[in-house]
Amino acid sequence: MTAQHDHLIGGRWLAGDGYAPNRNPSNLADVVGEYAQGKTPQVDEAVAAARAAFPAWSVSNIQARFDALDKIGNEILARKEELGELLAREEGKTRPEAIGEATRAGYIFKFFAGECLRLAGETLASVRPGIGVEVTREPVGVVGLITPWNFPIAIPAWKIAPALAYANCVVMKPADLVPGCAWALADIIQRSGIPSGVFNLVMGRGSVIGEALIQHKGVDAISFTGSVETGGRIAQACAASLKKVQLEMGGKNPQVVLDDADLKTAVELSVQSAFFSTGQRCTASSRLIVTAGIYPAYVEAMKQRMAGLKVDDALKAGTDIGPVSSQAQLEQDLKYVEIGKAEGATLAAGGERLKRGTDGFYLAPTLFTESTPAMRINREEIFGPVASVIRVKDYEEALAVANDTPFGLSSGIATTSLKHATHFKRHALAGLVMVNLPTAGVDYHVPFGGRKGSSYGPREQGHYAQEFFTTVKTAYTLA
């Protein structure tokens, strides 16, 4: 019998209105587990539990919060290989990538344990004699967290940890495609000493659970990571009900390669940006913008490097790239391969579904050359191992093409020119800029977020997370 996993509501594991299988995209015969499906009544119950827990938790002792979050982080790190294997099975990241993500989740909780002790205020003199002024930060209240499928433990961690560190109560809805890591994380949180009702997990369809959270009058704030289309609807709904909102959405991230770049470095960071994690990262680079002098050598070197990539079961030793996460995502990727060919781009490598020893969603990493900025493959987010090369004349044109997008999450440049690197860091219209590094790959103690259609609201991660998860109070006292 496949194990069933229930919702966590008010400190109790509660059955769902049914259970859905969580399948391994590397091997569709492998069912990771059966996970509860919720409806609006479960959201109502979870919000009620969170609201009941908030008065005491909102003024809880900072040492107690530190101890609980540090304990969560320690358990994640102690179990990183087990959690990494679970992640690889349900999402399709390679085992090393998955273990790395679990490790990152552990360190996120430990960082925010420290933030419990570091949250500071201000004491100021008033312009009026005999009056003191204090500026402090307090928790927002009950926060709804809606997380995506591509980082099943890291993104939940970087939302849950600051929410709890700053004394909010949480109702979390994980992506229905990958509930396993979220459930494992909830189990760890449940045993950390955090009071019942402070953290709640409700699983199920986004159109049901997510919508109920967004519309619920008992929810004070929503943090969402997902598509631009869904994010826009959430922003409108939260504005109508005056909820605080934080959105991390899409990307069409450019990787610029200049004539003076080290070719080996440029190719390696391009391959990592475009194809590792099966290209399913919001920071992945799918637009490779290359100046004319290095273009022929770069394209040839890219094809040679891609030919050596091993696409196979995420749990197999030596696999470089695992499967696409789902049938729907595979179909979307293949659709864009056909769009690219129809638009006149040259299919230089990959583009076909692969067969392996198990029935899975395997796709050969795909590279288009001779593409133009106006093509759909260079305008729309594909979210798979599909990248296209755009030839440009010089740095000025490369920068213009890099910024010519409705998104603005991550932007990279490969160059040995300090002049161009410095100019690019200032003039790239993105929240993250990478110089001679992959566009994907960020630290947990510094802010994360983008511009334009990529992000809306305060930044995530680092101490900047307090801007979303706290509210400011100014108090005056007559001496």
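This is a predicted model: local features need pLDDT of at least 70, side-chain atom pairs count only at pLDDT 80 or more; totals for chains, interfaces and linings use all residues.
Good morning, colleagues. Let me begin with the helices. Two packed helices are described by the angle between their axes and the distance between those axes. In this model, helix α4, residues 95-118, packs with helix α5, residues 154-165, at an angle of about 10°, and their axes are 9 Å apart. Because angles under 35 degrees count as roughly parallel, α4 is roughly parallel to α5.

Which residues make the contact? From α4 there are Glu101, Arg104, Ala105, Ile108, Phe109, Phe112 and Cys116. From α5 there are Ala154, Ala157, Trp158, Ile160, Ala161, Pro162 and Ala165. Sorted by class, this contact holds twelve nonpolar residues, two charged ones and no polar ones.

α4 and α5 each supply at least two residues of its lining. The largest share of that lining comes from α4, with four residues. The pocket has a volume of about 320 Å³. It is lined by 19 residues, and those closest to its centre are Arg104, Phe151, Arg281, Gly441 and Val442. How does the lining of the second largest pocket divide by class? It has seven nonpolar, five polar and seven charged residues.

The largest cavity has a volume of about 70 Å³. Of the 14 residues that line the largest cavity, Arg281, Ala284, Ser286, Glu381 and Phe383 lie nearest its centre. The lining of the largest cavity comprises five nonpolar, six polar and three charged residues.

The second largest cavity holds about 60 Å³ of space. Its lining consists of 14 residues, with Pro254, Thr405, Phe407, Gly408 and Leu429 nearest the centre. Which elements give two or more residues to that lining? They are strand β13 (253-257), helix α12 (395-403), strand β20 (407-408) and strand β21 (410-414). By class, the lining of the second largest cavity has six nonpolar, six polar and two charged residues.

To close, I return to the helix pair: α4 and α5 are roughly parallel, and each contributes at least two residues to the lining of the second largest pocket. Thank you for your attention.

Note on methods: Residues are numbered from 1 along each chain as its sequence is written. Side-chain values use heavy atoms; hydrogens and water are left out. Axes are lines fitted to C-alpha atoms, for helices over the stretch in contact, and angles run from 0 to 180 degrees between N-to-C directions. Angles under 35 degrees count as roughly parallel, over 145 as roughly antiparallel, 65 to 115 as roughly perpendicular and the rest as oblique. Contact means heavy atoms within 4.5 Å. Ala, Val, Leu, Ile, Met, Phe, Trp, Tyr, Cys and Pro count as nonpolar, Asp, Glu, Lys and Arg as charged, and the others, Gly among them, as polar. On a 1 Å grid over the protein atoms alone, a cavity is a set of points where a 1.4 Å probe fits but cannot get out, and a pocket is an open set with protein on both sides within 12 Å along at least five of seven lines; lining residues have an atom within 4 Å of a point. Grid points are joined across faces, edges and corners, and a volume is the space filled by probe spheres set on the points.
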